[in-house]
Amino acid sequence: FSEYHQYIVDENAMCHFGQQLIKHIDSLNTLNGVVLYLNGELGAGKTTLSRGMIQGLGYHGNVKSPTYTLVEEYHLANKTIYHFDLYRLSDPEELEFMGIRDYFAHNTICLLEWAEKGQGLLPPPDLFINITYAQEARDIQLIANSSQGEQIIQRLKQ
Ligand code: ADP
Ligand code: MG
């Protein structure tokens, strides 16, 4: 599977990368939902990247971290983004109560922070996005995990 790497100098660059990435995702001509797992330590920039993606699809309000709500939703022109943070999930059964399957529908983009907490109850991602510290900067690595993920990486490389 293909990979894509980028060095991200600061918070602004992380938002900008999110804006580019979501435009490539939005331009896929598919009805399938898109699922991204965002991996990285606390403070790595998962929420910052999510904010860039959400604002990049035309949302102009405040993007809150879904730390306490588990999920925040953004209904945009032609797509819905669900932004999850499962860090505080104590029991995977909570996901069943939320009706987790219904989130992964047509025309949705699901961004998942701490997806490992929901292991076994989540669909596999189209992309793994791994963010690591490089002092004040960050390294971001995208790994395709489906043909849709491959298409997104090919678009980033163009
Ligand atoms: P996470 O969701 O992974 O816990 P956040 O996005 O909430 O992380 O926080 C990242 C923090 O790191 C923010 O305070 C942001 O200003 C800071 N930061 C510093 N450099 C960067 C960078 N290159 N990319 C992203 N965030 C950065
Ligand atoms: Mg976060």
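The charged end of lysine 117 sits over the ring of tyrosine 87, 5.3 Å from the ring's centre. This structure is a predicted model.

**Aromatic pairs**

How many aromatic pairs does a search of the whole structure find? The count is 7. Two of the pairs are set out below.

| Pair | Distance between ring centres | Angle between planes | Arrangement |
|---|---|---|---|
| Tyrosine 37 and phenylalanine 128 | 5.7 Å | 85° | edge-to-face |
| Tyrosine 59 and tyrosine 74 | 4.8 Å | 70° | edge-to-face |

Why do both count as edge-to-face? Planes over 60 degrees apart fall in that class. The planes of tyrosine 37 and phenylalanine 128 stand at 85°, so that pair qualifies. Those of tyrosine 59 and tyrosine 74 stand at 70°, so that pair does too.

Tyrosine 37 belongs to strand β2, and phenylalanine 128 to strand β6, so their contact ties together parts 91 residues apart in sequence. Tyrosine 37 is buried, at 13% relative accessibility. Phenylalanine 128 is partly exposed, at 26%.

Tyrosine 74 is buried, with a relative accessible area of 5%. Tyrosine 59 is partly exposed, at 25%.

Ring pairs also build a cluster. Its members are Tyr82, Phe84, Tyr103 and Phe104.

Is each one buried or exposed? Threonine 47 is partly exposed, with a relative accessible area of 23%. Glutamate 113 is buried, at 3%.

Conventions. Residues are numbered from 1 along each chain as its sequence is written. Chains are lettered from A and ligands numbered from 1 in the order in which they are written. This is a predicted model: local features need pLDDT of at least 70, side-chain atom pairs count only at pLDDT 80 or more; totals for chains, interfaces and linings use all residues. Side-chain values use heavy atoms; hydrogens and water are left out. Buried means under 20% relative accessible area, exposed over 50%, partly exposed in between (1.4 Å probe, protein chains only). Rings of Phe, Tyr and Trp (its six-membered ring) pair if their centres lie within 6.5 Å; planes under 30 degrees apart count as stacked, over 60 as edge-to-face and the rest as tilted. Helices (H or I, at least four residues) and strands (E, at least two) are DSSP runs, numbered from the N terminus. A charge sits over a ring if NZ of Lys or CZ of Arg is within 6 Å of the ring centre and within 35 degrees of the ring normal.
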